[in-house]
Amino acid sequence: SREDGSAICRPELAELDGAISQWSERLQLVTSPFLKARYADLLWDLAHIIQPSSKRVFKAGRAAVDAYIEQTCALGRISDIEAAMGLERAFQIAIELNDAERADLVADRLLHLGSRAPLDAIGVWSMPTRCLLGNRKVAGSRQDQLTAELERRLEEAAQAVNGYACGVAAAALSKRYRPHSERFN
């Protein structure tokens with residue numbers, strides 16, 4: 001931030017005006033799901049900010065979600081945590097798009113990825129919690145799946161005497177079990 005409180009952007013957003021057409025072209029040319037996701041995400045996230053007179057590019061948002069999902073299908077080529085982070089971003093965009101179908105598909109992939117992760121991969125199996133817990137746009141059945149998975153993880157962590165994993169699962173479960181009005185934080 002500058003002394004007057006205004007933001008400093010490097011590069012300046014106004015300088016990126018020509019980049020929008022480059023990102024659009026490259027999105028059409030690339031075949032890698034990773035690159036598709038990144039170019040589409042740039043268009044979704046920045047095009048309307050760089051050109052304030054334009055609207056958000058919903059087509060790019062949908063393309064980003066689809067590419068992040070496609071990227072996770074190549075699980076042998078990317079790590080589980082990379083897949084989880086891509087799905088987290090896909091979920092955020094699907095929610096912003098108000099696309100219940102895509103959000104549910106991403107939730108399904110997140111829950112599947114989390115359920116097959118080893119106990120010590122806490123970042124992977126707790127990612128569904130970060131995305132789904134308490135989100136009103138997520139179907140109740142997905143919340144129930146999340147609860148069942150967290151209960152399984154808590155039991156698994158207790159049997160393995162893994163205090164940190166127990167704490168992560170228990171903290172999420174306490175938020176799930178307690179009504180919002182009774183929570184301390």
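W44 is buried, its relative accessible area being 0%, where buried stands for under 20% relative accessible area, exposed for over 50% and partly exposed for anything in between (1.4 Å probe, protein chains only). The model is a predicted one, in which local features need pLDDT of at least 70 and side-chain atom pairs count only at pLDDT 80 or more, while totals for chains, interfaces and linings use all residues. Residues are numbered from 1 along each chain as its sequence is written, and side-chain values use heavy atoms, with hydrogens and water left out.

The structure contains 1 aromatic pair, a term for rings of Phe, Tyr and Trp (its six-membered ring) with centres within 6.5 Å, counted as stacked if the planes are under 30 degrees apart, edge-to-face if over 60 and tilted otherwise. The ring centres of W44 and F58 are 5.4 Å apart with planes at 70°, so this pair is edge-to-face. Because W44 belongs to helix α2 (residues 33-50) and F58 to helix α3 (residues 58-72), the pair ties together parts 14 residues apart in sequence; helices here are DSSP runs (H or I, at least four residues), numbered from the N terminus.

The charged end of R56 also sits over the ring of W44, 3.7 Å from its centre, the criterion being NZ of Lys or CZ of Arg within 6 Å of the ring centre and within 35 degrees of the ring normal.

The count of disulfides (pairs of cysteine sulfur atoms within 2.5 Å) is 0, because the sulfur of C73 is 17 Å from the closest cysteine sulfur, in C131, too far for a bond.

| Residue | Relative accessibility | Class |
|---|---|---|
| F58 | 39% | partly exposed |
| C73 | 56% | exposed |
| C131 | 8% | buried |

Technical notes: Helix = DSSP H or I, 4+ residues; strand = E, 2+ residues; numbered from the N terminus.
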